[in-house]
Structure formats: C-alpha cells, structure tokens
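This report examines one protein model, considering selected residues and the packing of selected helices.

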Amino acid sequence: MALDSPINYASIYAAVTANLKKAGLPRDGVQLTFHLSPGTPAMVVIWIILSKTRFPAQLIQTSREQGLESVDFSFDLASDFLPEFLQRTEDRIARLTQGGVAPEFSKIIHRSTAVRQQIDMARRIAVLDVPVLVLGETGTGKELFAEAIHAASRRAGKEFVAVNCGAISRELASSELFGHRRGAFTGAVTDRKGHFLEANGGTLFLDEVGDLPPDAQVRLLRVLQTGEVMPLGASKAIKVDVRVVAATHRDLAADVVTGRFREDLFHRLAVGMLHLPPLREREHDTALLIDHFLAQINADARGCPEAQEKKLSANARKILLSHAWPGNVRELYHTLVRASIWSPGPTIDAEDARAALLHIQRPEENILGRPLTQGFDLKELLDEVARDYVVRALQQSGDKKSAAAELLGFPNYQTLGNWMKRLGVESTD
Ligand SMILES: Nc1ncnc2c1ncn2[C@@H]1O[C@H](COP(=O)(O)OP(=O)(O)OP(=O)(O)O)[C@@H](O)[C@H]1O
C-alpha cells in the first residue's frame, strides 16, 4: 500500500479504508485483526479509530519481551462519547435557533407535514456549518432552501453564490469553479477567480451537482477534504472557507452505483441531506400556494394603470388543484401568471386556467419518442401517461369520481381513488 507520508493522518485513513472496502470488509463471518506494533503513531491512531467504528476488529501488539498480546480496552464510541457530543450539539442548536424561525424560512410557503419536517431539519443543519445535499424534482424549492440555510447560518452576512453546474460546459467546469491562471489553457487570457473564491467566507450553492464532469468531481472532493483550492495553472493552493450546499434532481445514489458520480464525493456532500417532496405529495400545499401566488401577482400588478385585481373561479381552482404539476412550484407560479394575464375580466375562469395549462404542453414531447438515455425511467413514463388520463377524466366529469372512473374503464370509484393516491392527483370531490 503506497502512502503519501507515514505521518499524514488523512492519507493513512483514506488508503486503509479504501483497501478494506475493496476487500469487501466488514463482512459477516470475517473476524478482522489489526496489528498495532509495526506502524507509526499516526497509523496506530487510525487503526484504533477504525476498529471501534467502521471496521470492528480485534487489536493485537507484539514485542520481544511479551510476545503477542491482545490489546483490549473498553472504548465504545457510540455509548461513551456520542451521547455527550450530541447533547453538546443539541445545546448549541437550541442556543442558535432561539428567537423563532429565521425569517428566510418563512418564504417557504407550506402547510404539509412533509415540508415542515424538511424545514425543521434544514434549520438544525444550517447552524452546523456542514455540507448539505438537497434532493428533489425540478422546481421543488431546492434553491429557496439553500438560501434559507445560508441566511440562518453564521455566514448570513457573507456571499451566497449560486452556480448551475448543468449549465457550464464540461471543459470549463473546473475553471469556472476553481479559477485559472492566465495561460493555463488556450483561451485563458486573464486570471479567473472561480466561484469558490468568490464565495469565500460564505456559501456556494452547486445546483445540479450530478452534472459535474469527473475531473471537476475530483477537484471538488479535494477542496472539501483540504479546504484549499488549486486554480488551473497555479503552483500554490489557496485556503478557502466556503460552505457547500449542493442540489440535484437526479437520483444521485443510482449515479453512484453506475459510477457516474463519485461515491466518496457523495458522502462528503451528503453530511446533511434534505429530500424535498414533489408538489403532488404535499397535502393541501397546492391550494395555499395558489392563494399566495395570486396575492403576490395582484400586489405586483398594483400601480399599473391597466391592471385588474384577479380572482379565481371555483372551477378554475378545481382544475389547478387536480393538475399533476410535473414542474412543481415553479410551474404552478408561471401558470398563474399566464392565467392572470390572459383572462380578459377580473375572474380567471375554467377556460383561462385550461389555456394557461395547455400552453406548457410541448408537441415535440412525443411520449413514444423519448430517448433511451441515462435517467430514463419506464415506470415514471407510464405513471405520467396514467396521471394525464386520470386528470382529464376528472376534468371531463366535473370532478365526479364515479363518472371519471367509468370514463377510465375502472370498475368503481374506489379503484380510481387508489390510482389517484398512487399518482398524487388531488380532487375536490
Ligand atoms: N414552498 C414554496 N413557497 C414559495 N415559493 C416557492 C416554494 N417552493 C418553490 N418556490 C418558488 O418556485 C420557484 C422555483 O424554486 P427553486 O428555484 O428554489 O426550485 P429548484 O428546486 O431549485 O428548481 P431547479 O431544480 O429547476 O433548480 C422559485 O421562484 C421559488 O421561489
């Protein structure tokens, strides 16, 4: 096993754990033994920590005088230290979160327990200054959560830099994030600071982190491990103090399995992890968001001479409530903006709502012509088709479940109810 240095704790830890994992350890039926005597003091420390945590092992030492001895001492991290450590952390969180919810979390409009739980977790993670990974479909509020975490953290007054990794070209990803020196590559005519240094002292929000190319993943891992950035073409690393909040709509755990995303980076980023549920899984949030956004749209329009205060008719509301919202909160907001602009009178009626929704159906999205590329999910596609028909049947039947069930060829309305629950379709029937 090659080591950078026999006294470098980080490299000993990385090398040993990588080798043990490669050997498929720990594993049932295999009793591990670590020999403490031949190593440097740094190695002994790492062996002891690993034996008491990730790789339970028996410890032995040897000497000319005593021969082989088992090294035994009671040191149980879980029961001896963790409770005390956690209690200290709890106290700190309680101190830091005194005074109610940070106002930035109040921007996250919700009534559902699912979102409330994620806010509670985000508040606790915010004060710990650890990396956070926010998972959720597009438009579920990942960036909104990242901003709130920043605002509720000790970095609040410092920079919040948001970068969409999916929008950077693969060739330029490393230079955009970590910077470059003039002449580092063709086209590098001036020095570039890079987003990490721009966010120094604050928070860097890496949206669509799953789209980072492999070389940028390696560099990001190194920054997280060492707290230092090495711009392309530079000869010296620069210390940075940046908290990373990453987000993705991809199934990152599946990307780790296929090798598309580095497992070690995944673990580094996912110290705190949030799962934002799609709108269809947030009971009653859609109704609340409709009212909130409509009030906001009306407030924004106030002052324009030709603007009218808009209201939603009961039928228009029903249509919006039963839509599947594949684009989640963002799509809901834009649909309301369109509906309020297009409705000629002060009331947005069913027709206006339908027209605003129809606007986003893209004819080129032929359901039979989707490319079989990574991320394709046949079950999700079939659910999409089912959702579309269920919503249409409900609309056509005036939201009467029995009639809608008949239209769909279901034996009874309970069957429709089961489908709606599974597909996350709401109804007001
Ligand atoms: N719970 C919410 N309350 C109020 N506004 C919300 C909520 N969730 C999302 N939004 C708004 O919806 C829009 C989309 O949210 P945001 O950009 O945070 O989503 P995202 O998950 O980061 O999207 P993407 O995956 O496309 O990057 C934003 O304008 C945001 O302010």
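Does Leu36 count as buried or exposed, and at what relative accessibility? Leu36 counts as buried, at 9% relative accessibility; the classes are buried under 20% relative accessible area, exposed over 50% and partly exposed in between, with a 1.4 Å probe and protein chains only.

## Basis of the model

The model is predicted: local features need pLDDT of at least 70, side-chain atom pairs count only at pLDDT 80 or more, and totals for chains, interfaces and linings use all residues. Residues are numbered from 1 along each chain as its sequence is written, and side-chain values use heavy atoms, with hydrogens and water left out.

## Overall composition

The protein contains 17 helices and 12 strands. These elements are DSSP runs numbered from the N terminus, with helices being H or I of at least four residues and strands E of at least two. Of its 429 residues, 40% count as buried.

Contact means heavy atoms within 4.5 Å. Among contacts in the protein with a separation of 6 or more, 68% come from residues 24 or more positions apart.

Leu36 is located in the loop between β1 and α2. Neighbours within four places in sequence aside, Leu36 contacts Val44, Trp47, Ile48, Leu59, Ile60 and Val71. For Val71, which is 35 residues away along the chain, the C-alpha separation from Leu36 is 8.8 Å.

The structure holds 5 aromatic pairs, where rings of Phe, Tyr and Trp (its six-membered ring) pair if their centres lie within 6.5 Å, and planes under 30 degrees apart count as stacked, over 60 as edge-to-face and the rest as tilted. One of them joins Phe34 and Trp47: the ring centres are 4.4 Å apart and the planes lie at 40 degrees, so the pair is tilted. Because Phe34 belongs to strand β1 (residues 32–35) and Trp47 to helix α2 (residues 41–52), the pair ties together parts 13 residues apart in sequence. Phe34 is buried, with a relative accessible area of 3%.

Two packed helices are described by the angle between their axes and the distance between the axes. Axes are lines fitted to C-alpha atoms, for helices over the stretch in contact, and angles run from 0 to 180 degrees between N-to-C directions.

Helix α1 (residues 9–22) and α2 have axes that come within 10 Å and cross at roughly 45 degrees. The two helices are therefore oblique to each other; angles under 35 degrees count as roughly parallel, over 145 as roughly antiparallel, 65 to 115 as roughly perpendicular and the rest as oblique. From α1, Tyr9, Ile12, Tyr13, Val16, Thr17 and Leu20 meet Ala42, Met43, Val45, Ile46, Trp47 and Leu50 of α2. This contact comprises 11 nonpolar, 1 polar and no charged residues; Ala, Val, Leu, Ile, Met, Phe, Trp, Tyr, Cys and Pro count as nonpolar, Asp, Glu, Lys and Arg as charged, and the others, Gly among them, as polar.

## Packing of α11 and α13

The axes of helix α11 (residues 285–301) and helix α13 (residues 328–342) cross at roughly 45 degrees and come within 10 Å. These helices are therefore oblique to each other, and their crossing is right-handed. By class, the contact has 10 nonpolar, 3 polar and no charged residues.

## Packing of α15 and α17

Helix α15 (residues 378–396) packs against helix α17 (residues 413–423) at an angle of about 125 degrees, with the axes 10 Å apart. That makes α15 oblique to α17. The crossing of α15 and α17 is left-handed. Asp383, Ala386, Arg387, Val390 and Leu394 of α15 form the contact with Leu416, Trp419, Met420, Arg422 and Leu423 of α17. The contact residues divide into 7 nonpolar, no polar and 3 charged.

## Two further loop residues

Thr140 lies in the loop between β4 (132–135) and α5 (142–151) and counts as buried, at 3% relative accessibility. Residues up to four places away in sequence not counted, Thr140 touches Leu276, Pro277, Pro278, Arg282 and Asn328.

Gly259, in the loop between α9 (252–258) and α10 (263–269), is exposed, with a relative accessible area of 57%. The C-alpha atoms of Gly259 and Pro214 are separated by 9.9 Å, and these residues are 45 residues apart along the chain.

Methods. A crossing is left-handed if the near helix is turned anticlockwise from the far one by less than a right angle, and right-handed if clockwise.
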